[in-house]
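Hello,

I am passing a structure on to you, and I hope you enjoy looking through it.

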Amino acid sequence: MAEQVRDFSELKSTLIKAPVKEASAADGADKQKKIDKQGRAYATGKRKNAIARVWIKPGAGRITINGKDEKTYFARPVLRMILRQPLVAAARDGQFDVICTVVGGGLSGQAGAVRHGISKALIAYEPTLRPSLKQGGFLTRDPRVVERKKYGRPKARRSFQFSKR
């Protein structure tokens with residue numbers, strides 16, 4: 001079973017070669033569109049404790065969150081910028097109408113959840129966009145959540161003030 005190898009050139013021939021998966025020219029091109037009867041693509045996005053249900057369809061580029069316009073719901077420009085990041089990265093800004101409902105968490109977590117949902121919905125509508133969105137990191141769900149409070153402590157890690165007396 002064990003072969004004796006005298007030289008590094010012989011070592012190469014003894015290694016077991018694993019099959020290499022070839023990357024297709026358009027990664028994700030073999031996937032099919034997932035569109036409902038109304039011509040919409042659906043996806044769920046999550047961030048911290050926020051969950052966003054997102055539908056996209058071709059349109060004028062309007063974003064509606066919980067029945068309100070994006071400028072009304074997310075007043076801070078930074079949060080609106082976060083929403084549009086996947087659309088800008090995929091060069092589809094202004095081409096899709098986005099309708100979403102979001103629950104839980106704060107405004108920052110909700111904006112991140114909507115961004116995650118838009119990214120996944122874009123891939124459901126156009127699978128060829130996957131490489132550009134994956135490279136931007138929009139498809140990865142951010143796993144960071146608030147650490148739980150421990151017993152005997154006022155917060156998760158904070159200790160009570162120590163006094164020697």
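Predicted model: local features only at pLDDT ≥ 70, side-chain atom pairs only at ≥ 80, totals over all residues.

Residues are numbered from 1 along each chain as its sequence is written, and side-chain values use heavy atoms, with hydrogens and water left out.

Let's start with Asp 97, found in strand β5 (residues 96-103); strands are DSSP runs of E with at least two residues. Asp 97 is buried and has no salt bridge, as Lys 57, the nearest side chain of opposite charge, is 5.3 Å away. Here buried means under 20% relative accessible area with a 1.4 Å probe, protein chains only, and a salt bridge needs a side-chain nitrogen of Lys or Arg within 4 Å of a carboxyl oxygen of Asp or Glu. A polar atom of the Asp 97 side chain lies 3.1 Å from the backbone nitrogen of Ala 60 and 2.9 Å from that of Gly 61.

Now to the rings: there are three aromatic pairs (ring centres within 6.5 Å). One of them, Tyr 73 with Phe 74, is edge-to-face (planes over 60 degrees apart), at 5.0 Å centre to centre and 85° between the planes. Phe 96 and Tyr 125 are also paired edge-to-face, with centres 5.1 Å apart and planes at 80°. Both Phe 96 and Tyr 125 are buried.

Best wishes

Note on methods. Helix = DSSP H or I, 4+ residues; strand = E, 2+ residues; numbered from the N terminus. Buried < 20%, exposed > 50% of the residue type's maximum accessible area, 1.4 Å probe, protein only. Lys, Arg positive; Asp, Glu negative; His and termini not counted. Polar contact = N/O pair within 3.5 Å; in protein donor to acceptor, adjacent residues only side chain to side chain. Phe/Tyr/Trp six-rings, centres within 6.5 Å; stacked < 30°, edge-to-face > 60°.
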